[in-house]
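Hi,

Here is the structure I promised to pass on. Have a look at it first, and then read my notes below.

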Amino acid sequence: MSAMDRVEFNESENRLCMVCPLNRIKAGAAVRIRQLCAAPEISHRLREIGFCEDQIIKLITSQANIICLVCNARLAISSQLAGLIMVEPVRQLVPAPVH
């Protein structure tokens, strides 16, 4: 597996800035969609249901089907289709402690 094929987080939650297919992300991760690599008509339909470039989504499960939280809705897509959605990880912002 090459460096471009994976996304890793270390203990301090610093991220490697890499883009990879959605079907390679672990469940529970929040990611930003960077590019749709599907045919134009499929990309258009993905955008219609919320899988737009720069949209932040959360991967809920990544088993036989990929289930994502997109715009407060759970959507399921095939792993094959998820392989055409290029994403990058986003760091979860933690509020600063109040003093």
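Asn72 sits in the loop between β4 and β5; strands here are DSSP runs (E, at least two residues; helices are H or I, at least four), numbered from the N terminus. Keep in mind that this is a predicted model, where local features need pLDDT of at least 70, side-chain atom pairs count only at pLDDT 80 or more, and totals for chains, interfaces and linings use all residues. Residues are numbered from 1 along each chain as its sequence is written, and side-chain values use heavy atoms, with hydrogens and water left out.

Back to that loop. Asn72 has a positive phi of about 65° even though it is not a glycine. Cys71 lies in the loop too, between β4 (65-70) and β5 (73-78), and its phi is also positive, near 50°. Why point this out? Because most residues other than glycine have a negative phi.

Are these two buried or exposed? Cys71 is exposed at 52% relative accessible area, and Asn72 is exposed as well, at 77%. The cut-offs are under 20% for buried, over 50% for exposed and partly exposed in between, with a 1.4 Å probe and protein chains only.

Now go back into β4, where you'll find Cys68. This cysteine is buried, with a relative accessible area of 0%. Its contacts (heavy atoms within 4.5 Å), leaving out residues up to four places away in sequence, include Leu22, Phe51, Ile57 and Leu75. Gly28 is 40 residues from Cys68 in sequence, yet their C-alpha atoms are 9.3 Å apart.

Cys68 also belongs to the largest nonpolar core, which has 18 residues; Leu22, Phe51, Ile57, Cys68 and Ile85 have the most contacts inside it. β2 (30-36), β3 (56-62), β4 and β6 each supply at least two residues of this core. By nonpolar core I mean a set of buried Ala, Val, Leu, Ile, Met, Phe, Trp, Tyr and Cys residues joined through side-chain atoms within 4.5 Å.

One last stop is Glu88, in strand β6 (residues 85-89). Glu88 is buried, at 14% relative accessible area. Which side chain does it meet in a polar contact? That of Arg34, at 2.8 Å. A polar contact is a pair of N or O atoms within 3.5 Å; within protein, one must be able to donate a hydrogen and the other to accept it, and residues adjacent in sequence count only if both atoms are side-chain atoms.

Cheers
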